[in-house]
Amino acid sequence: MLVAGIDIGAATAKAVILKDSRIIGHAVRPVGYDVKIAANEVSREALQDANLSISMDDLDFIVSTGYARESIGFAQKTATEIICHAKGAHFMIPTTRFIIDMGGQDSKAIEVDSEGNVINFTMNDKCAAGTGRFMEVMAHILQVESMTDMGPIALESNDPCRISSTCTVFAETEVVVLRAEGKERKDLIAGVHKAAASRVFAMASGLKCEPDAVFTGGVAKNTGMKKFLENEFKTEFLVPDEPQIIGALGAALIAQTHAGK
Amino acid sequence: MKQYYDDLFSLCGFEDEEINNERFRIKATLEKLELGPEDMERADSWVRQYHDVSLMGVRKLLGAWLKELIDLVLAKEDGKKIVYYGFPAILGPGLMLSASSDKVFVSAPDMVLDHTMGQIFNKLTPILEAGEANGLPPGHAMCSLWQAKIGGVVKGMIPVPDFALASSYYCDMGSKADDLVTAFYGTPMAYIDGIMDSHWGDFPDFLPERVEYLGGQINQALKKAEDVLGIKIAPDAWEKSQENSKQFRGYLVRLVELMKADPVPLSVVELELLEALSGSSAGRGIREGIKAMEILVKELEERVKAGIGVTEKGAPRVMVRLGHTSDPRVTRLLEDCGLAVPLTFILGSFGGVRVEPKGTYNTPGEIIANYEMTGGYYHGTEAQIQFYEKAAGIMRLDGFVAQYLYNCRPVATISHAQKKYLEEKTGLPVLSLEIDNFDSRTHSADSLRTKVETFAEMLKAKKHK
């Protein structure tokens, strides 16, 4: 059985091809301006990665997720990214009971049962602090090539700066001021991580963080963020291989349950 | 001769004769509201898309709001003394003033604008922007209900009031926003002071001192109203004011009974129109609302008998705090995601959740205060949780959507505690959802849909286990 999951997020498009519960191909690319083009391209790349010379129409079932899930015409079903991350994380780490997903535009905390079903969740509202976008803005002003590259630098710091603003725009100003005061770059970067992790911790405060806790989404590729989250939650976070495709993987798993029905 | 607004008003339940009799007033109202033929076309499509116009009762209900709007916009020309009060606040004093003199027009103008310029014409934003430009700037966490009131007045769409009843008894931003009306126009005000909090575990009991204090405040406000408006509160004003509102409430009780059916026969979009009217009109809106309810209840009885509903049979049932006052899309989203909403917090007051009044009081203020105290709204967090808990049993709920406005102290502050305690007490899931119930400019539709859809899927999975 050949199925696919497509996750069109705020910043990146992800696709996973699953054959009989085995990942045989995946792809990640920037969304760009047109979500439909992004969906087509990422699907093509995932098929290529799976060494398949077929089109998406030849697959048994496709599920789309992410904010543009309703716009993917070739998907037979949609599911929210919260449900997909729960399914995907549970598939990769069957002992998963709690998930932090930090994506481009939003962050989520999800409690799951032993079968990977969502039993409680919370998601950021207006605030962008604690999202990939927040980290990208900071990476830009601190002149680090990517959000992911900031992680190892943050881990070098023993004295993270305090970034207290809860608004991304104001936090940016705060970082600029601290930079002008001569604070060390690694301490500033660590401060940014600490601020983002504390926002996520506050957002998730009403949920039970029980082991195994899993960290997914594009930001999970940042090793510094993993550490700062662990400091806040006082628990270890497991990061699955390719944490960015967990939503697409979950969508593919849902597709698998619907294929042939 | 047919006019550009005839089709819309007919869609909203106006009879041809009513349109003809009121042509001059409709035209004058639309001119003041800057509504032209294009706006009627947009409104027609908006209403058909988001309101259940297959029910004549709903159409008449929309018409009731329009009639309230016309009377509000033309109140000065009608030679009325105009009194504004805030929502949610204490309706009683307004009802008594209205019942004491036919020269007085009493209204919650923000709610009227939301339900007409928002729910019908989808043109509330320019009014909100006018409010923002006049003392309630964007980004200052100001409630958009007050922006609608100030914006409507400064744009000249609704008249400057002769008197304002300000109450911080439930909402502490309302009285401050009413101060702006005084600052801009010198409108005299009466402040009804009070405290909404009580000890955990007190409710449904409450201290008589609270009734006496609040009652005293209301009495003072009524006295000031008499002086400013040059009227006398009629000795039978309370009884008279209750004639209409009791009848309306009676229908709401019947409606709550009908909403116990599975599938639920009416959309929460329309529930919101009903519950809001009960707290926003002291005049024609409520009288026309009674006629609409008479039709609607019969139509819904038919639907229940035939097993017709707005969601699938067996859909998870959730209670919400409040529907969206100005944007039906937001409320409709709950049903689009497969959730049935048989009850809102306010409507719960009419269906067995409210407790009986205690004690006997003789002054008008104390009678009103005693009545208001029986609703959990005027108590602390725990009393509200009791309301939800009771409703869960009565309406066979599967969960709660506890919306909160980030800029609303009473609602936002308790939101997360409420989720925790409700989940513990009822064992039912609670979605704590940030949503501005008065302004749809401040949320991301996609983020909202993701949350509601996930919650709906969660409840469906739980139900099918």
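Helices (H or I, at least four residues) and strands (E, at least two) are taken here as DSSP runs, numbered from the N terminus. With that in place, Tyr191(B) sits in strand β4 (residues 189-192) of chain B. The model is a predicted one, so local features need pLDDT of at least 70 and side-chain atom pairs count only at pLDDT 80 or more, whereas totals for chains, interfaces and linings use all residues. Residues are numbered from 1 along each chain as its sequence is written, chains are lettered from A and ligands numbered from 1 in the order in which they are written, and side-chain values use heavy atoms, with hydrogens and water left out.

Back to Tyr191(B): this residue is partly exposed, at a relative accessible area of 44% (buried means under 20%, exposed over 50%, and partly exposed in between, with a 1.4 Å probe and protein chains only). Leaving aside residues up to four places away in sequence, Tyr191(B) touches Ala166(B), Ser175(B), Asp179(B) and Gln217(B), where contact means heavy atoms within 4.5 Å. Ala164(B) is 27 residues from Tyr191(B) in sequence, yet their C-alpha atoms are 8.5 Å apart in space.

Chain A splits into domain 1 (2-83 + 245-258) and domain 2 (95-239), with bounds that come from an automatic or database domain assignment. Taken over C-alpha atoms, the centres of these two domains of chain A are separated by 26 Å. Where they meet, six residues of domain 1 are in contact with nine residues of domain 2.

Next come the nonpolar cores, each a set of buried Ala, Val, Leu, Ile, Met, Phe, Trp, Tyr and Cys residues joined through side-chain atoms within 4.5 Å. The largest has 189 residues, and Phe9(B), Leu97(B), Phe121(B) and Leu266(B) touch the most other members. Its largest share, ten residues, is supplied by helix α5 (residues 56-73) of chain B. Chain A takes part too, as this core draws at least three residues from each of domain 1 and domain 2 of that chain. A second, separate core holds 40 residues, among them Met102(A), Met150(A), Ala171(A) and Leu207(A). As for Phe121(B), its contacts beyond four places in sequence include Leu8(B), Leu30(B), Leu35(B), Met40(B), Ala43(B) and Leu66(B), but also Asp39(B), Arg42(B) and Thr116(B).

Grid points are joined across faces, edges and corners, and a volume is the space filled by probe spheres set on the points. The largest pocket comes out at about 1,000 Å³. Its lining runs to 39 residues, with Thr122(A), Met203(A), Gly206(A), His416(B) and Ser432(B) nearest its centre. Two or more lining residues come from each of β7 (107-112), β8 (118-123) and α6 (185-203) of chain A, and from each of α19 (409-426), β8 (430-434) and α20 (445-464) of chain B. By type, the lining of this pocket has 16 nonpolar, eleven polar and twelve charged residues (Ala, Val, Leu, Ile, Met, Phe, Trp, Tyr, Cys and Pro count as nonpolar, Asp, Glu, Lys and Arg as charged, and the others, Gly among them, as polar).

Of its 14 lining residues, Val330(B), Thr331(B), Leu334(B), Gln403(B) and Ile435(B) are the closest to its centre. Helix α15(B) gives the most to this lining, four residues. The lining of the second largest cavity divides into nine nonpolar, five polar and no charged residues.

A cis peptide bond, with omega about -5 degrees, joins Pro211(A) and Asp212(A), and Asp212(A) lies in the loop between α6 and β9 (213-216) of chain A. In chain B, the bond from Phe203(B) to Pro204(B) is cis, with omega near 15 degrees. Asn51(A), a residue other than glycine, has a positive phi near 60 degrees and is exposed, at a relative accessible area of 70%. Arg396(B) likewise has a positive phi, near 50 degrees, and is partly exposed at 47%.

Conventions. 1 Å grid on protein atoms, 1.4 Å probe; cavity = no way out; pocket = protein on both sides within 12 Å on 5 of 7 lines; lining within 4 Å.
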